[in-house]
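Biologist: I would like to learn how to read a model feature by feature. Where do we begin?

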Amino acid sequence: MRNLRQAMRSQIKDELSKIPSGKFRSDLAIGAVLPIAAIFFTLCLILALHRYFSFYASFDQGIFNQVFWNNSHGRFFQSSLSSSLSTNVVHAGEIPTVFYHRLGQHFTPALLLWSPIYALFPSPATLTVLQVTLITMAGIVLYILARQYLEPRLAVMISASFYAANAVIGPTLSNFHDISQIPLFMFTLLLAMEKRKWWLFWLMAIFILAVREDAGVGLFGVGFYMIASKRFPRAGFATCILSFGYMLALTNLIMPIFSADISKRFMLERFGQYADGNEASTLEIIWGMVSNPWRLFVELVTPFDRTIRYLIGQWLPLAFIPAISPASWAIAGFPLLKLLLGQGESVLAITIRYALTVVPGLFYGGILWWSEHPKSFKPRFRRFWIGCICVSLILSFTSNPNRTFYFAIPDSVKPWVHVTLAQQWSHVSQLRPLIGQIPPNASVSATTYLVPHLSSRREILRLPSLELRNDRREVVKVEYAIADLWQLQRYQPAFKGDGSQLRDFIKLVNELTNKGEYGIKGFTDGVVLLQKGVNSDSQAAIDWKKWSNDAFRNVD
């Protein structure tokens with residue numbers, strides 16, 4: 001028996017000796033990365049689906065689902081929900097239309113790549129699964145990219161940092177968004193560049209540009225790096241010309257064909273401080289920046305405290321290495337500059353989708369820095385890096401991105417505002433039967449958190465809007481309206497906006513029912529369902545009157 005064991009050990013050693021040491025270490029590292037990716041995928045999928053099924057997914061999830069739903073029915077990129085946000089509706093007071101093309105707001109043909117998946121599983125939840133899958137796959141490609149330069153342990157740390165980044169976790173747990181495609185496409189493009197697979201590089205470049213009208217900013221950063229590093233100057237110049245030229249042509253020539261939103265709304269909302277008048281093209285915004293360098297500098301560094309916190313949050317999971325990596329600044333600098341020069345609360349929110357545009361450049365720059373300083377990966381720094389990853393995970397949880405952890409973290413301490421799992425799921429169980437009474441093809445208007453669950457239809461609006469222009473070009477009122485006022489009632493002690501909405505919706509329901517335009521078809525647990533042209537259910541009307549009087553009286 002002893003001789004047999006010795007013979008087996010000898011055979012194993014002989015076989016192991018035939019395996020190249022680098023390949024053996026890489027296989028072990030792959031074995032470490034895949035479980036990390038699996039844990040990220042599983043946890044994020046559970047949390048994101050829970051957020052959706054417990055009615056915390058909001059308006060944007062509904063917009064994208066309606067776009068996908070319309071795409072699957074041959075009405076490409078049309079959306080009545082997007083129409084309600086258009087400049088014609090917001091500024092000119094026009095009626096939302098069901099045939100409005102969203103490409104005038106955001107040019108997103110890359111979404112068509114995923115239409116076959118949606119056609120097989122037509123549901124808003126499918127988009128949630130897709131988003132988590134795209135981000136998880138991006139982390140695996142990042143590991144393969146890191147292995148082009150780094151030994152396995154360092155490559156694993158890079159991938160672990162990606163999955164622990166607040167700028168990755170937050171957007172992954174949000175409503176579905178088009179930017180979730182960017183990390184996968186960017187890491188694949190950079191990997192293709194490293195392997196000199198230029199057919200794949202240019203294919204990914206096209207995919208990146210197709211994500212949305214401003215995705216070329218990140219691609220321009222890659223081209224700038226290729227030139228500045230002198231590695232691929234000719235391809236770099238071509239990349240810069242392609243990305244910059246495409247963005248100018250798209251925003252000035254193509255998108256205005258669909259609507260005037262890019263010049264009259266979105267450019268002004270984000271960069272209106274650089275323009276005069278009621279509309280501005282991208283060229284006018286760029287000239288406004290160049291012609292007033294002092295204003296440009298002020299916008300770049302202010303608000304100073306939020307800017308510093310944002311940069312720290314982006315650098316933290318990589319142990320601040322991107323801050324000293326020239327490649328990180330070269331590539332990530334351009335999408336970062338776009339955010340810093342913009343206005344609004346969302347541009348410097350690290351848990352919102354825009355933060356993802358900065359991530360690929362930071363991580364690729366981190367890889368290149370470590371390739372030049374491999375001896376710095378010492379036990380002391382390794383412990384510091386692990387600590388940074390842990391802090392990033394803690395911040396990702398405590399920031400409660402998109403209210404994903406509403407059941408664990410109160411929205412307010414003073415006054416105390418907290419919805420438990422039991423409370424929310426009890427509410428959901430009473431809410432679903434009312435939603436089930438709305439026919440699948442009926443026109444409907446709903447409050448924000450109900451919109452995603454009703455968005456697989458042609459005619460849908462967000463309350464208080466009730467009128468839309470249908471496919472016959474007729475202005476009609478929706479057949480059903482449903483409002484979840486329980487949630488507003490729960491949150492209004494801490495959020496004045498919720499209290500204001502609660503009052504307005506109670507007044508709206510009373511006005512519609514008193515005029516006889518709509519009748520109360522059902523009411524339970526703060527959720528009221530109205531149907532056009534019917535008499536109110538007597539018991540539902542009594543329950544509504546009692547609840548609404550108490551709720552209105554108790555609004556802070």
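Modeller: We will go through ring pairs, charges over rings, helices, strands and one threonine. Keep in mind that this is a predicted model.

Biologist: How is a pair of aromatic rings described?

Modeller: Two values do it: the distance of the centres and the angle of the planes. In this structure the count comes to 34 aromatic pairs. Take F224 and F334. Their centres are 5.3 Å apart, with 65° between the planes. That makes the pair edge-to-face, because an angle over 60 degrees counts as such.

Biologist: Which parts of the chain does this pair link?

Modeller: Distant ones. F224 belongs to helix α12 (residues 216–228), and F334 to helix α18 (residues 326–340). The two residues are 110 residues apart.

Biologist: How accessible are F224 and F334?

Modeller: F224 has a relative accessible area of 37%, so it is partly exposed. F334 is partly exposed too, with a value of 25%.

Biologist: Which residues do ring pairs link into a cluster?

Modeller: W369, W370, F377, F381, F384 and W385.

Biologist: What lies over the face of Y491, and what sits over the ring of F99?

Modeller: Look for the charged end of a side chain above the ring. R403 lies over the face of Y491, 4.0 Å from the ring centre. Over F99 sits the charged end of R473, at 3.7 Å from the centre of that ring.

Biologist: Now helices. What span should α12 have?

Modeller: Count residues, then check the ends. α12 has 13 residues, which at 1.5 Å a residue should span 18 Å. Its end C-alpha atoms are 18 Å apart, so the two values agree. Just after α12, K230 takes a positive phi of about 65°.

Biologist: Which residues of α12 are buried, and what covers them?

Modeller: The buried residues are G216, V217, G218, L219, G221, V222, G223, Y225 and M226. Their cover includes α10, α11, α13, α18 and α19 (359–372).

Biologist: How does helix α11 read, by span and by burial?

Modeller: α11 (residues 198–211) has 14 residues and reaches 20 Å from first C-alpha to last. That is close to the expected 20 Å. Buried in α11 are F201, M204, A205, I208, L209, A210 and V211. Among the elements covering them are α10 (182–194), α12 and α13 (233–258).

Biologist: Is strand β7 largely enclosed or open, and why?

Modeller: Largely enclosed by the rest of the structure, because five of its six residues are buried. The strand covers residues 527–532.

Biologist: Which strands pair with β7, and in what sense?

Modeller: Strand β5 (residues 480–484) pairs with β7 in the antiparallel sense, over five bridges. There, A481 stands opposite L530. Strand β6 (residues 518–524) also pairs with β7 in the antiparallel sense, over six bridges. In that pairing, F523 faces V528 of β7.

Biologist: What happens in the hairpin of β6 and β7?

Modeller: Two residues lie between the strands.

Biologist: Finally, where is T513, and what does it touch?

Modeller: T513 is in helix α24 (residues 496–515). A polar atom of its side chain lies 3.1 Å from the backbone oxygen of N510. Leaving out residues up to four places away in sequence, T513 touches Y518, I520, L530 and S536.

Terms used. Residues are numbered from 1 along each chain as its sequence is written. This is a predicted model: local features need pLDDT of at least 70, side-chain atom pairs count only at pLDDT 80 or more; totals for chains, interfaces and linings use all residues. Side-chain values use heavy atoms; hydrogens and water are left out. Rings of Phe, Tyr and Trp (its six-membered ring) pair if their centres lie within 6.5 Å; planes under 30 degrees apart count as stacked, over 60 as edge-to-face and the rest as tilted. Helices (H or I, at least four residues) and strands (E, at least two) are DSSP runs, numbered from the N terminus. Buried means under 20% relative accessible area, exposed over 50%, partly exposed in between (1.4 Å probe, protein chains only). A charge sits over a ring if NZ of Lys or CZ of Arg is within 6 Å of the ring centre and within 35 degrees of the ring normal. Two strands pair if DSSP finds at least two bridges between them. The expected span of a helix is 1.5 Å times one less than its number of residues. Contact means heavy atoms within 4.5 Å. A polar contact is a pair of N or O atoms within 3.5 Å; within protein, one must be able to donate a hydrogen and the other to accept it, and residues adjacent in sequence count only if both atoms are side-chain atoms.
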